[in-house]
Amino acid sequence: MTTNPSNGGSILVRSIGMDARKEAVFRMAFKMFTRRHYQLLDAGDAQTPAVIIIDVDGRDGMTIARRLHEEQPEQRILLTSVSAHPDSIFPVLQKPIRMETLFPALELLLNGSPAPAKSAERSSATVMPIRPDVAISSPFASVAAPPATNPASAPAPKPVAPPAVAPRPTPLLRPEDVRHFNPQAGLLGLLQIVRRDQSPAIIVDDRQQVILRLDPVADQAILLTDDATLKSLAQEEHPRLQMRAPADTDIPAHASVRHLTLPSLLWQVGAWTADGRLIQQLQINAPVQLKQWPNLTRLTMLPDALRLAAFLARSPASPALTVKMLRVAPSDLFNFLAAADSLGLLRYNTAENPDNRIQPASANAPEAAEIPAAKRSFLGRLLARIAGL
Amino acid sequence: MREDNKIIFTGPVGVGKTTAIAALSDIPIISTDAQASDMTLNRKGHTTVAMDYGVLKLDEGTKIHLYGTPGQERFDFMWDILTTGGLGLILMLDNTRPNPKKDLHFFLHAFKDFIVDVPVVIGVSKTDIQTQPQIADYVDMLPEATADLRMLNPIPPIFEVDGRNKDDVKNLVMALLYSIDPGIGDQL
């Protein structure tokens with residue numbers, strides 16, 4: 001076997017037909033591969049490489065490869081191309097290049113025959129599939145592990161205890177305990193009208209004090225009251241509120257105001273209004289579905305909102321099933337549903353609104369695989385780690 | 001048990017992938033940056049030409065590898081090296097780009113084989129600079145952009161994000177994890 005040209009243990013690789021950026025990609029891939037130390041030679045470096053990788057998608061790539069082989073028949077050559085080149089005498093790595101094919105191809109070249117025995121023959125190298133659909137065997141999975149970089153500087157990981165905590169008990173949801181409310185009444189009802197009609201409005205209390213100024217076209221709300229008052233108004237069954245068209249003099253020049261997006265206001269008022277109650281259009285055993293995820297980075301993060309959004313965006317489920325599967329408090333689920341409904345994000349079957357019916361899952365969607373217990377445990381630990389950052 | 005898992009951050013040049021990875025990584029991130037020499041220069045003086053790499057350590061034996069792909073479309077030939085063993089894809093879109101819809105289509109198709117098996121979450125950045133399109137517009141774009149795709153989560157989260165805001169990045173990753181299994185958080 002030919003001795004591999006090396007530089008202090010490095011396996012030298014030269015690239016041809018690649019610009020500096022493609023070379024940078026290979027350099028990073030070599031850096032990430034820890035089992036052997038590959039080094040991409042700079043353009044001016046005259047050292048003899050163990051392998052030459054030639055990108056043959058350029059104009060002269062294949063010509064250069066053939067000429068090189070004629071001049072240096074012992075030189076190991078690996079081609080990269082978007083095409084398969086089935087008649088190539090050299091092994092071909094088809095783009096997009098993957099770690100799991102790049103390094104076996106290099107290993108094969110280094111450990112096997114250095115170059116095609118006869119230039120007229122096709123390559124017998126088994127580097128082929130270039131986009132394999134096979135699972136990666138565990139030894140090779142480590143290929144993706146990048147080098148330990150200066151471990152001294154790496155902060156110690158925060159200890160994350162394994163999930164010794166017992167799962168939450170499934171909350172009890174009895175139909176007789178469920179209280180309903182009408183989301184079209186009260187403050188929430190007024191906000192829904194503004195959103196639906198897309199007309200600017202102000203909302204005043206019984207003393208004609210301005211509570212809110214709403215601009216649905218700009219999706220903006222100006223609040224002239226504090227959260228406690230607003231929450232209290234949201235939870236009143238029949239608040240003495242009026243809505244009218246805005247005027248220039250509605251907001252005194254030196255009034256203390258807060259600006260909010262209209263969706264943020266609706267979301268918060270929806271949850272406050274629900275106060276642990278289910279919107280009256282929903283039944284606990286009838287399915288409900290999210291049309292889309294709420295923009296949760298810009299809305300008040302309600303308890304379990306991310307989990308509930310993930311669950312209800314995946315497939316329709318009744319409130320009863322949701323409580324059972326996710327072990328969420330019914331009041332948290334009901335508040336989330338009210339908030340989501342206030343933004344028009346829910347589908348549920350009602351005679352009044354046939355356009356809002358539950359939609360079957362796309363036939364094109366792949367089946368979600370059963371998550372093994374070990375992976376669930378791992379994901380739970382990762383979640384705890386992220387949440388604690 | 002040795003566990004090597006990856007989370008892939010992708011998206012166009014300058015969207016904030018490097019910053020987002022830095023917000024999560026336990027180590028200083030490894031980047032291959034270079035002076036941008038073409039149109040990229042208009043958006044960013046230096047840009048990632050290979051990939052960014054960070055690590056989130058769960059314990060001594062378990063690491064989460066955080067990879068950021070290069071933003072330039074011409075490097076898509078290398079992206080597949082990243083995705084094997086991936087937990088999911090975080091696609092970051094820049095609202096100030098001329099055609100975010102085209103970006104949405106491009107990046108989802110670049111990872112079309114990956115997102116059959118793993119979820120994707122979408123973060124839209126720079127909405128404070130350019131308010132249009134809104135999140136609802138991206139939701140409307142999705143059916144057309146994904147008509148020929150098979151996605152594990154056909155209704156992905158689409159959040160406004162600022163890569164410099166750790167909470168935004170955390171919420172993106174947590175949404176990704178819950179999209180794998182909404183049941184995982186019942187111990188929290």
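In this predicted model, helix α8(A) passes α9(A) in a right-handed crossing. The two helices, α8 spanning residues 305-314 and α9 spanning residues 319-326 of chain A, pack at an angle of about 125°, and their axes lie 11 Å apart. That angle makes α8(A) oblique to α9(A). On the α8(A) side, the residues that take part are A:R307, A:L308, A:F311 and A:L312, and they meet A:T322, A:M325 and A:L326 of α9(A). Sorted by class, the contact of α8(A) with α9(A) has 5 nonpolar residues, 1 polar residue and 1 charged residue.

Helix α8(A) also takes part in a contact with chain B. Its axis and that of helix α5 (residues 166-180) of chain B come within 9 Å and cross at roughly 45°. Helices α8(A) and α5(B) are therefore oblique to each other, and their crossing is right-handed. From α8(A), the contact draws on A:L306, A:R307 and A:A310, while α5(B) supplies B:M174, B:A175, B:Y178 and B:S179. The residues of this contact between α8(A) and α5(B) divide into 5 nonpolar, 1 polar and 1 charged.

A:D304 lies in the loop between β14 (288-290) and α8 of chain A. Although A:D304 is not a glycine, its phi is positive, at about 60°. Most residues other than glycine have a negative phi.

Within chain B, α5(B) has a further helical partner. The axes of helix α1 (residues 17-24) of chain B and α5(B) come within 9 Å and cross at roughly 85°. Helices α1(B) and α5(B) are therefore roughly perpendicular to each other. In this pair, B:A20, B:A23 and B:L24 of α1(B) meet B:K166, B:V169 and B:V173 of α5(B). The contact of α1(B) with α5(B) comprises 5 nonpolar residues, no polar residues and 1 charged residue.

The peptide bond from B:Q132 to B:P133 is cis, with omega near -5°. B:P133 sits in the loop between β6 (120-125) and α4 (135-145) of chain B. Most peptide bonds, by contrast, are trans.

Turning to strands, chain A contains an open sheet of 5 strands in the order β11-β8-β9-β10-β12, with antiparallel pairing. The edges are taken by β11 (242-244) and β12 (258-261) of chain A; each has a single partner strand, so one side of each is left without a neighbour in the sheet. On average, and with direction ignored, neighbouring strands of this sheet are turned by 20° against each other. One of the pairings joins β8 (residues 201-204) and β9 (residues 210-215) of chain A, which run antiparallel and share 4 bridges. Here A:V204 stands opposite A:V210 in β9(A).

The model scores ipTM 0.89 and pTM 0.72. Chain A averages a pLDDT of 81, and 80% of its residues score at least 70. Chain B averages a pLDDT of 84, with 79% of the residues scoring at least 70. Over residues 35-42 of chain B, the pLDDT is below 50, and this stretch has 9 contacts in the model beyond near neighbours in sequence. In chain A, pLDDT stays under 50 over residues 117-164, for which the model has 72 contacts beyond four places in sequence. Where pLDDT is low, the predicted coordinates should not be read in detail.

Note on methods: Residues are numbered from 1 along each chain as its sequence is written. Chains are lettered from A and ligands numbered from 1 in the order in which they are written. This is a predicted model: local features need pLDDT of at least 70, side-chain atom pairs count only at pLDDT 80 or more; totals for chains, interfaces and linings use all residues. Axes are lines fitted to C-alpha atoms, for helices over the stretch in contact, and angles run from 0 to 180 degrees between N-to-C directions. Angles under 35 degrees count as roughly parallel, over 145 as roughly antiparallel, 65 to 115 as roughly perpendicular and the rest as oblique. A crossing is left-handed if the near helix is turned anticlockwise from the far one by less than a right angle, and right-handed if clockwise. Two residues are in contact if their C-beta atoms, placed from the backbone, lie within 7 Å. Ala, Val, Leu, Ile, Met, Phe, Trp, Tyr, Cys and Pro count as nonpolar, Asp, Glu, Lys and Arg as charged, and the others, Gly among them, as polar. Two strands pair if DSSP finds at least two bridges between them. pLDDT is the predictor's confidence in each residue, from 0 to 100.
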